[in-house]
Amino acid sequence: MSETSYMEQELQSQPETWQEAARIGAAIGPLPRPGQRVAVVGCGTSWFMAQSYAALREGVGLGVTDPFAASEAFLGSDRGYDAVVAITRSGTTTEVLRVLDAVKGRIPTVTLIGDPETPAVALSDETIALPFADEKSVVQTRFATTALTLLRAHLGQDTSQAVADAQDALAAPVEKEWVDAEQFSFLGTGWTYGLANEAALKMREASQSWTESYPAMEYRHGPIAIAAPGRVTWLFGQAPEGLEADVVRTGARFVRHARDPLADLVLVQRVALERARARGLDPDNPRSLTRSVMLEPSAAS
């Protein structure tokens with residue numbers, strides 16, 4: 001398929017949506033204050049953005065920040081959380097709604113949301129709506145990265161270089177070797193480990209590709225055994241000493257770019273799109289996926 005997809009239109013718009021998100025994030029708003037103990041929840045892509053935000057927030061010394069898949073969130077009173085941040089594009093994902101309902105009146109909540117006309121708004125104490133980053137494609141691109149850009153700006157980061165690097169990533173060539181590769185392993189450290197998880201998910205969703213993701217230092221503890229000619233190991237952020245040489249010895253392609261890691265995720269989104277096209281797949285409507293997972297109420301509820 002060669003026609004323009006929603007996924008392509010949406011990922012191409014990221015420099016603009018990031019700029020708007022940075023403006024919102026830099027303002028005083030309902031996001032957690034320095035020193036608060038915070039839980040961050042999401043599902044799928046939003047969970048991976050939660051991982052990146054948590055690592056960034058703790059990394060700059062603003063307080064304990066724990067990321068959870070919404071279905072596995074441990075938010076009992078003994079954990080002492082002062083706030084819950086939820087990330088949800090649709091505002092209808094069952095597991096996120098259950099978390100918001102369970103802590104309502106006990107832990108203050110703020111939700112980053114794409115569609116403000118959804119049930120998550122009523123269940124949240126505060127919401128930050130990003131309708132300009134909402135999407136029609138099932139495969140998330142700009143909502144997730146825009147939400148993380150907002151959170152980075154709120155932490156005091158200057159995201160202007162990330163915006164410039166995203167523009168560069170949109171113009172960079174998508175190499176044929178990446179489109180044809182048999183397998184990808186995505187690696188990251190600190191906040192970029194969440195990006196590695198998201199990169200792997202994008203490849204699976206859009207192009208049904210065999211992809212894996214690991215903390216970079218863990219890669220040599222077993223997973224490097226799958227590295228081989230015709231496969232790619234893609235690193236976000238700084239490379240641990242000796243890792244590139246270890247990968248090159250396997251015959252796999254080692255990829256790392258100097259641009260902001262979030263901008264490098266934009267390039268991976270483009271690779272996933274081109275791999276989908278090369279396989280005749282519709283990246284806007286992946287097999288077995290919908291925009292939001294909404295579970296049937298249990299018999300006990």
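Contact here means heavy atoms within 4.5 Å. The model is predicted, so local features need pLDDT of at least 70 and side-chain atom pairs count only at pLDDT 80 or more, while totals for chains, interfaces and linings use all residues. Residues are numbered from 1 along each chain as its sequence is written, and side-chain values use heavy atoms, with hydrogens and water left out.

**View 1. Phe184 and the largest nonpolar core.** Phe184 touches Trp178, Met203, Trp210, Thr211, Glu212, Val232, Trp234, Val271 and Arg275, leaving aside residues up to four places away in sequence. The largest nonpolar core has 60 residues, and Phe184, Phe186, Trp234 and Phe236 have the most contacts inside it. Helix α11 (residues 261-278) gives the most to this core, with nine residues. Apart from it lies another core, of 17 residues, including Leu75, Val84, Leu97 and Ile107. A nonpolar core is a set of buried Ala, Val, Leu, Ile, Met, Phe, Trp, Tyr and Cys residues joined through side-chain atoms within 4.5 Å. Buried means under 20% relative accessible area, exposed means over 50%, and partly exposed is in between (1.4 Å probe, protein chains only). Helices (H or I, at least four residues) and strands (E, at least two) are DSSP runs, numbered from the N terminus.

**View 2. Helix α4 and what covers it.** Seven of the 10 residues of helix α4 (residues 94-103) are buried, so the rest of the structure largely encloses it. The buried ones are Thr94, Glu95, Val96, Leu97, Val99, Leu100 and Val103. Their cover includes β1, β3 (83-88), β4 (109-113) and α5 (119-123). After α4 comes Gly105, with a positive phi near 85°.

View 3. Strand β1 (residues 38-42) runs parallel to β2, and five bridges join them; two strands pair if DSSP finds at least two bridges between them. Across this pair, Val41 stands opposite Phe68 in β2. Four of the five residues of β2 (residues 65-69) are buried. Gly44 sits in the loop between β1 and α3 (45-59), and is partly exposed, with a relative accessible area of 35%. Gly44 and Thr88 are 44 residues apart in sequence, yet 9.6 Å apart in space, C-alpha to C-alpha.

**View 4. Pro15 in helix α2.** Pro15 belongs to helix α2 (residues 14-26) and is buried, at 2% relative accessible area. Residues it touches, not counting those up to four places away in sequence, are Val163, Ala166, Gln167 and Leu170. From Pro15 to Leu170 is 155 residues in sequence but 9.3 Å in space, C-alpha to C-alpha.

View 5. Thr141, in the loop between β5 (126-129) and α6 (142-154), counts as buried at 1% relative accessibility. Its contacts, again without residues up to four places away in sequence, are Met7, Glu10, Leu11, Gln14, Glu135, Lys202 and Gln269. Gln208 lies in the loop between α9 (192-207) and β7 (211-215) and is partly exposed, with a relative accessible area of 39%. Phi of Gln208 is positive, near 55°, in a residue other than glycine.
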